[in-house]
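Hi everyone, thanks for coming. Let me walk you through a structure that may be new to you, one piece at a time.

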Amino acid sequence: MNLDSLYQEIILDHYKKPLGSGLQDNFSGEAFHVNTSCGDEVTVRVLLDGNQILNMTHEGVGCSISRASASVLHALTKEETTETFHVLLDNFVDLMHSQGKVVPDEEVLGDAAAFAGVSKYPARVKCALLPWMAMKDAIEGAGNE
Amino acid sequence: MTLDLGQELKDDFPILSHKVRGVSDLVYLDSAATSQKPKVVIAAESNFYTSTNATVHRSGHELGELASAAYEAARENIARFVGIEPGNLIFTKNATEGINLVAYAVLNATLLAKSGDKRYNKLAIGAEDSIVITEMEHHANIVPWQHLAQVTGARLEYLKVDESGRLDIDESKFSKSTKIVAITHQSNVLGSVTDVAKIVRFANKVGAMVVLDACQSVPHFNVDFKLLGVSAAAWSGHKMLGPTGVGCLYLNDELLGELPPFLLGGNMIENVTYESSTFRSDNAKFEAGTMNIAQVVGLSAAVDYLKNVGMNVIHEHVRELTGAALKGMLSMPGIRILGPTDLTDREGLVSFEVDGVHPHDVSQFLDSKGVAVRAGHHCAWPLHRKLGAVASSRASFYLYNTKEDVDVFLAALDQIRDYFKVA
């Protein structure tokens with residue numbers, strides 16, 4: 001297995017220059033998630049208008065995979081609906097649990113498709129999912145399910 | 001040139017010929033988490049099942065006798081290895097269970113004393129008492145005491161870790177109200193070794209019991225619990241070449257007699273009626289139910305293996321490797337070592353941060369070169385917070401590691417900041 005399949009250029013770019021980093025003051029829902037095995041943490045805030053996601057921001061400490069995942073998530077969900085988020089989430093969760101056997105749909109997942117290599121490393125799947133699960137809870141917390 | 005110890009022993013450990021991700025030679029630097037097993041240990045466990053398997057202390061048939069004899073011979077061997085009598089050794093499933101056994105037994109004593117059983121007044125603790133632990137404990141030696149403090153109202157106090165990563169044994173923390181002092185013999189993060197004799201001296205002055213977490217010490221150097229004078233000590237078998245599923249607990253005569261049992265059930269009783277039960281007064285009081293017999297036998301084979309190599313030889317070898325690793329890492333830019341940077345009162349492992357690269361990414365990169373290290377908070381989250389680290393990577397060494405392993409590790413470590421473009 002080649003390490004570069006895990007650390008795709010896209011992932012390292014997002015890690016170095018994360019999008020949506022820094023929490024917005026105005027938000028409808030918030031969630032804080034911790035990866036108990038390593039102590040990585042992320043706080044996600046979502047600003048919603050009905051089922052419309054106006055903005056998602058995040059802050060936390062974590063590895064390149066979890067930080068890049070939050071950054072990608074910000075870009076993917078900006079001005080999308082919560083329904084679209086759930087479609088993306090299902091798609092991404094399936095990809096993460098595929099053990100490298102699924103070819104990601106780049107049309108749907110955009111930059112998140114670059115995380116396909118993560119699914120070959122079971123210990124890292126949690127890192128990639130951390131911000132996604134936090135965002136799911138933040139949306140639920142906003143009462144807009 | 002003579003072979004180094006690791007090269008000499010490598011063939012005894014079949015797993016060390018594993019190819020990582022199908023290509024790289026394995027450099028196993030995670031022995032502080034669990035050690036690998038020599039063939040003799042694997043064979044001992046297997047042989048027990050093929051030739052002597054039966055439950056112990058219950059059956060009159062021949063296999064029952066053979067199994068009981070093997071189990072008790074193992075107890076004797078393991079006990080002598082740490083300077084204690086076999087009667088003071090209790091088998092558990094791991095060190096965590098050993099520490100919990102003591103904490104819960106004290107809680108039981110407290111409850112029994114409250115219900116009017118005067119035998120337990122001495123052990124009972126309450127709001128006027130304190131439990132002293134240290135800032136460098138593993139969760140296994142924090143959480144049970146936090147719980148005991150919470151439910152009894154006792155105060156939980158911490159001995160601090162100083163700037164250099166060594167324990168500051170501040171005598172003012174020890175007072176007449178101190179009932180329990182629970183400390184690690186060697187930090188699983190910092191590598192620093194505790195001056196147990198000093199702790200015992202201060203604890204004895206105030207009449208407190210000393211509970212020692214010996215997980216990182218027993219595998220690495222000669223330990224004599226009687227000589228150290230601790231009241232109790234817990235350690236795990238799997239970190240000292242033994243199988244998983246078996247841990248050890250030493251209780252001195254006083255605690256062995258006074259502590260009420262923790263787990264209740266078969267084998268630990270003296271008499272049972274529908275109304276009430278009485279318990280064994282010896283170490284059997286703490287071994288309820290069927291034990292991990294084959295694993296105990298395997299652990300005894302591990303002790304034989306360690307004795308054959310010689311604990312002093314192992315200790316010296318691991319110190320050499322640790323010293324070489326420290327030296328290499330100190331000369332590398334962007335590496336921060338957690339814990340002492342010299343070998344004074346410090347053993348066998350090096351935890352570190354790589355500037356700009358998360359420990360998960362560090363360990364993933366090392367894994368791609370065949371090097372297995374641990375990344376995370378190593379079950380010492382409060383200590384990491386104190387040190388200002390979310391997590392760290394940890395390389396730990398044991399008898400089967402070679403100088404070449406350290407070189408491979410250092411060469412890989414040196415490439416990480418380039419790979420993640422933070423150099």
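Predicted model: local features only at pLDDT ≥ 70, side-chain atom pairs only at ≥ 80, totals over all residues.

Now let's zoom out to the whole of chain B. Where they touch, domain 1 of chain B contributes 21 residues and domain 2 of chain B contributes 22 residues. On the domain 1 side, helix H10 (311–330), strand E14 (349–354) and H12 of chain B each supply at least two residues. H10(B) gives the most to that side, with five residues.

Let's turn to chain A. Here we have an open sheet of three strands in the order E1-E2-E3, and the pairing is antiparallel. Strand E1 (29–35) and strand E3 (52–61) of chain A are the edges: each has a single partner strand, so one side of each is left without a neighbour in the sheet. Neighbouring strands of this sheet are turned by 15° against each other on average, direction ignored.

Strand E2 of chain A, residues 40–49, runs antiparallel to E3(A) and is joined to it by nine bridges. As one example of a residue pairing, Thr43(A) has Glu59(A) in E3(A) as its bridge partner. Two helices pack on this sheet. Helix H3 of chain A, residues 64–77, touches E2 and E3 of chain A, and its direction makes about 170° with that of E3(A). Helix H6 of chain A, residues 122–141, touches E1, E2 and E3 of chain A, and its direction makes about 150° with that of E1(A).

H6(A) has a helix partner too. Helix H4 of chain A, residues 82–96, packs with H6(A) at an angle of about 160°, and their axes are 11 Å apart. H4(A) and H6(A) are therefore roughly antiparallel to each other. The crossing of H4(A) past H6(A) is left-handed. Among the residues that meet here are Phe85(A), Leu89(A) and Phe92(A) from H4(A), and Leu129(A), Trp132(A) and Ile139(A) from H6(A). The residues of this helix contact divide into ten nonpolar, one polar and one charged.

Last stop: how do the two chains meet? Their contact takes 16 residues from chain B and 13 residues from chain A. On the chain B side, helix H11 (359–368), strand E16 (374–376) and helix H12 (381–386) are the elements that give two or more residues. H11(B) gives the most to that side, with five residues. That chain B side divides into six nonpolar, seven polar and three charged residues.

Notes: Residues numbered from 1 in each chain as written. Chains lettered and ligands numbered in written order. Pairing = 2+ DSSP bridges. Helix = DSSP H or I, 4+ residues; strand = E, 2+ residues; numbered from the N terminus. Axes fitted to C-alpha atoms, helices over the stretch in contact; angles between N-to-C directions. Contact = placed C-beta atoms within 7 Å. Nonpolar A, V, L, I, M, F, W, Y, C, P; charged D, E, K, R; others polar. Parallel < 35°, antiparallel > 145°, perpendicular 65-115°, else oblique. Left-handed = near helix turned anticlockwise from the far one by under 90°.
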